[in-house]
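Me: I would like to learn how to read sheets, cavities and confidence values in a model. Can we work through one example?

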Amino acid sequence: MAMAMGCLLPPEPSQAAYREHQSTWSPYENNGGTCVAIAGLDYCVIAADTRMSVGFSILTREHSKIFQLSEKCILASSGFQADIRTLQKHLDARHKIYQHEHNKQMSCPAMAQLLSNTLYYKRFFPYYAFNVVGGLDNEGKGCVYTYDAVGSYERVGYSSQGSGMQLIMPVLDNQLKSASPLLLPAKESATSLTESEAIDLIKDTFASAAERDIYTGDSMELLVVNASGIRREYMELKKD
Amino acid sequence: MFRNQYDTDVTTWSPAGRLHQVEYAMEAVKQGSAVVGLRSKTHVVLATVNKASSELSSFQRKIFKIDDHIGIAMAGLTADGRILSRYMRLECINHNFVYESPLPVGRLVLQVADKAQVCTQRSWKRPYGVGLLVAGVDQTGPHLYQNCPSGNYFEYIAFAIGSRSQAAKTYLERKYETFSESSREGLIRHALLAVKESLQDEELTTSNCSVAVVGVDESLTILDARNLKLFIDGLDESASVPAEDKQADEDESKEQGLGTSDGSGSDVVPMETS
């Protein structure tokens, strides 16, 4: 009967007892990918690869994981694309309401808080999204916020999320983190690298991650936020 | 309009088949200062007369952005108007969320009209005391609509509501055939000239009027003081309405004042209307 229907049904329970059955269906899917952001003194660089996959297959090589939330605030997310897209739309709608009420754009720190609240709202059925927010704070300095799936967040000088995170984060730590707070006085969270140095670093880390992480590759989208606005760049990555 | 025994409740019909409370609500709109709207093939312009309740206060804001493609101008109880604009904004945002496309103007106007109608059929509510001119652009082009407290809505090529709007309407009636082919600048000029007709003993300045434009390729923008001044300075004097029409309009607004026993016609309207 099951064969005729063409789908797999669990075996009929015996008369004696019901067998325990593990669930095969999940509401989530991981579409892979990696996101990185680095905050500078007066700029912020946000980058993500453009590969969207499921299992061992590639769905598309040209899918953007980056979304502009406001004039000075960018969101990069990896994880389950359906949840990510909905999260982006949700934040965008809230931003419109904010603009109507206050006649101005939301600041990056405000948007960061809003994202945290939005994620925690679904604490018991989370958005499968691993987020990095990057932009300029109220003083024009670069800021990066890193999140977990349920909204725990922290302002940092740099961060990465997603499938390539484990490969990229140690490299960023090596390059950007001061060796010890005793050697270098605790500064603000931003790095002292110039914009082009930060961009080169990100390009190198992505190229490296694409070598070993099967879910990262195809191409990389990079956004730079600074006082003059937002600039986009693309870089090819390995397609395998 | 005079008081009678069928006007206490909005849910009471008069023997003549009228709902007086709804009509009184429309009076509140006529008490507000003038608002003008006109459209061409590519743009819609809204212009308002801004009144300040005293020399010390700021001018009442009567133009609101609803979405990138829709704006409204209100006359009457602006407090009611703010509630409606909040509703309209949320409807646009929700539609955009679900359909990822802008809410067609006529659809929104219909929703507002239905919302207004509810207040005309509940004994524990009162009609909204504000009239809206809704300007917007969607896939079918630019549109201008009017929303009434009665729950009716109408589409126009050009219209004016509020006090002394008849003078503005006369100007619009004379010139409307040229609007369709008008340029953006031409349309704004016409709107300012129309609104000028509704002013009494005042010159048009950047502080007593506002203008908003929306077009096929232009998001709704409310002109700032600098741009508005350029337009006002560029107005041509020869396009004003003859004096007789202005007089007729003044008599009409005196008559429309809420009738009381002294019938002096110069009644103080207790509500803040603008």
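Me: In which sense do strand S5 (residues 130–138) and strand S6 (residues 141–147) of chain B pair, and over how many bridges?

Reply: Strands of a sheet pair through backbone hydrogen bonds, either parallel or antiparallel. In this predicted model, S5 and S6 of chain B take the antiparallel sense, over seven bridges. For one position to look at, take B:Ala135, which stands opposite B:Leu144 in S6(B).

Me: What is the strand order of the open sheet in chain B, and which are its edge strands?

Reply: Read from one side to the other, the order is S3-S4-S5-S6-S7 in chain B, five strands with antiparallel pairing. Strand S3 (63–67) and strand S7 (153–155) of chain B are the edges, each pairing on one side only. Direction ignored, neighbouring strands of this sheet are turned by 25° against each other on average.

Me: What is the order in the open sheet of chain A?

Reply: There the five strands follow the order S10-S1-S2-S11-S12, again written for chain A, and the pairing is antiparallel. Its edge strands are S10 (158–162) and S12 (229–236) of chain A. The twist averages 15° from one strand to the next. Within the sheet, strand S2 (residues 43–49) and strand S11 (residues 219–226) of chain A run antiparallel and are joined by seven bridges; A:Cys44 has A:Val225 in S11(A) as its bridge partner.

Me: Which strands of chain A does helix H5 (residues 195–212) touch?

Reply: Helix H5 of chain A packs on the sheet and touches S1, S2, S11 and S12 of chain A, with its direction at about 15° to that of S2(A). Helix H4 (residues 165–176) of chain A lies across strand S1 (34–39) and S10 of chain A, and runs at about 175° to S10(A).

Me: How many cavities of 30 Å³ or more are there, and which residues line the largest cavity?

Reply: The count is one, and the largest cavity holds about 50 Å³ of space. Its lining includes B:Leu84, B:Tyr128, B:Val130 and B:Asn147. Helix H3 (residues 105–118) of chain B gives the largest share of that lining, three residues. By type, the lining divides into eight nonpolar, one polar and no charged residues.

Me: Where in chain B is the pLDDT below 50?

Reply: Where pLDDT is low, the predicted coordinates should not be read in detail. Chain B has a mean pLDDT of 87, and 85% of its residues reach 70 or more. The pLDDT is below 50 over residues 238–269 of chain B, a stretch with 35 contacts in the model beyond near neighbours in sequence. The model scores ipTM 0.84 and pTM 0.85.

How values were computed
Residues are numbered from 1 along each chain as its sequence is written. Chains are lettered from A and ligands numbered from 1 in the order in which they are written. This is a predicted model: local features need pLDDT of at least 70, side-chain atom pairs count only at pLDDT 80 or more; totals for chains, interfaces and linings use all residues. Side-chain values use heavy atoms; hydrogens and water are left out. On a 1 Å grid over the protein atoms alone, a cavity is a set of points where a 1.4 Å probe fits but cannot get out, and a pocket is an open set with protein on both sides within 12 Å along at least five of seven lines; lining residues have an atom within 4 Å of a point. Grid points are joined across faces, edges and corners, and a volume is the space filled by probe spheres set on the points. Helices (H or I, at least four residues) and strands (E, at least two) are DSSP runs, numbered from the N terminus. Ala, Val, Leu, Ile, Met, Phe, Trp, Tyr, Cys and Pro count as nonpolar, Asp, Glu, Lys and Arg as charged, and the others, Gly among them, as polar. Two strands pair if DSSP finds at least two bridges between them. Axes are lines fitted to C-alpha atoms, for helices over the stretch in contact, and angles run from 0 to 180 degrees between N-to-C directions. pLDDT is the predictor's confidence in each residue, from 0 to 100. Contact means heavy atoms within 4.5 Å.
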